[in-house]
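Colleague: I am new to reading protein structures. Could you walk me through some features, one at a time?

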Amino acid sequence: MTYSNPVVINRADPWIYKHVDGYYYFIATHPDYQVIELRRAKKINELKQTKEIKIIWYAHDSGNESQLIWAPELHFIANKWYVYFAASDDPIIRDADHHHRMFVLENTDTDPFKGEWADRGQIKTHQESFSLDGTVFQLKNDLYYCWAQSEPTIPGNSNLYLAKMSNPWTLKGKILTLSMPTLPWECKGFMVNEGPAAIIRNGKVILSYSASATDENYAMGLIWANTSDDLLDGYSWHKSDLPVFKSSEASHQFGPGHNSFTISEDGTTDLLVYHARPEKNQSGDPLANPNRHTRVQAFDWGEDGLPIFGEPVKD
């Protein structure tokens, strides 16, 4: 299958989930940062022009879910739908106090375009600090939550953390500091680890993540552990020394990252879903530039059981 990139324009932090009903569900950061939009289609290439689009949630008029709605993800857990997202009470993108926190919506209808989306509130972590980009994955009988958060005692903007959940909006037990931005490629512009996404293949739990500023320096790395290991033991995890997916001058795609994973229409090929910019950031804060577009491409697997993403394809 050839994908017509970009598959959706002006949508960053894309998440595509293929459900048992045959639909691809698409959710991403909306450029006005004030709504959560859900769309679906039977084919990925149809997501751009689909008429099945619905705003499922609006930012509050005030309070900690009123500004800068970022990076929603759609998950189907125990026959219910959940959307994880980050929000702030401050409209200033670069605020020294870092107001973002993580929240959850729940819909019990079998069809996420129907029913009511109940606000399950903030996901409480080990402390009140800048936090975003929560994702979930299931292994055996456990539900895990991975997210990005700032730590006052650790230099930089955000690290990655991992914990188990007692339900889809509550953490339980130990919280593992999974990764910190210490490598040179993770610290360009900003010291950042964020945007984790999980794929379980070849006896491994593989977490991709993104690092550095959101301009052309943005790139992706990998962290992985064996499915038989204790995922809350830091010694179970391994980390790539170099980025595994980065800007391509040849393809004119810059700052690829904040990805998700899905599967091809025929169910045979793993797909990387990500955003990238068609040019380097010219001036100002790149988060104020809406030219991050959603893209999809197939990827291969290496003999070591890890993904090989190659480089961003051309439009």
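This is a predicted model: local features need pLDDT of at least 70, side-chain atom pairs count only at pLDDT 80 or more; totals for chains, interfaces and linings use all residues.

Colleague: Is His 100 buried or exposed?

Modeller: Look at the relative accessible area. Buried means under 20%. His 100 has 3%, so His 100 is buried.

Colleague: Which backbone oxygen lies 2.8 Å from a polar atom of the His 100 side chain?

Modeller: That oxygen belongs to Leu 68. Leu 68 is also among the contacts of His 100 once neighbours within four places in sequence are left aside. Others on that list include Trp 70, Ala 86, Ser 129 and Phe 130.

Colleague: Now a residue in a strand. Which strand holds Ala 211?

Modeller: Ala 211 belongs to β14, which covers residues 204-211. Its relative accessibility is 0%, so Ala 211 counts as buried.

Colleague: What separates the C-alpha atoms of Ala 211 and Val 192?

Modeller: Compare sequence with space. The two residues are 19 residues apart along the chain, yet their C-alpha atoms are separated by 4.9 Å. Val 192 is also in contact with Ala 211, as are Trp 185, Asn 193 and Tyr 218, among others beyond four places in sequence.

Colleague: On to the cores. Which residues touch the most other members of the largest nonpolar core?

Modeller: That core has 33 residues. Those touching the most other members are Ile 36, Trp 57, Leu 74, Val 83, Phe 85, Leu 272 and Phe 309. Strand β6 gives the largest share, four residues. A second, separate core has 29 residues, including Tyr 33, Leu 160, Leu 178 and Ile 223.

Colleague: What does Leu 272 touch, not counting residues up to four places away in sequence?

Modeller: Its partners include Met 220, Phe 245, Phe 261, Val 296 and Phe 309.

Colleague: Last, the cysteines. How many disulfides does the structure hold?

Modeller: A disulfide is a covalent bond between the sulfur atoms of two cysteines. The structure holds zero. For Cys 146, the nearest cysteine sulfur is that of Cys 187, 18 Å away. A disulfide needs the sulfur atoms within 2.5 Å, so Cys 146 is in none.

Colleague: Are these cysteines buried or partly exposed?

Modeller: Cys 146 counts as buried, at 0% relative accessibility. Cys 187 is partly exposed, at 27%.

Definitions and conventions:
Residues are numbered from 1 along each chain as its sequence is written. Side-chain values use heavy atoms; hydrogens and water are left out. Buried means under 20% relative accessible area, exposed over 50%, partly exposed in between (1.4 Å probe, protein chains only). A polar contact is a pair of N or O atoms within 3.5 Å; within protein, one must be able to donate a hydrogen and the other to accept it, and residues adjacent in sequence count only if both atoms are side-chain atoms. Contact means heavy atoms within 4.5 Å. Helices (H or I, at least four residues) and strands (E, at least two) are DSSP runs, numbered from the N terminus. A nonpolar core is a set of buried Ala, Val, Leu, Ile, Met, Phe, Trp, Tyr and Cys residues joined through side-chain atoms within 4.5 Å.
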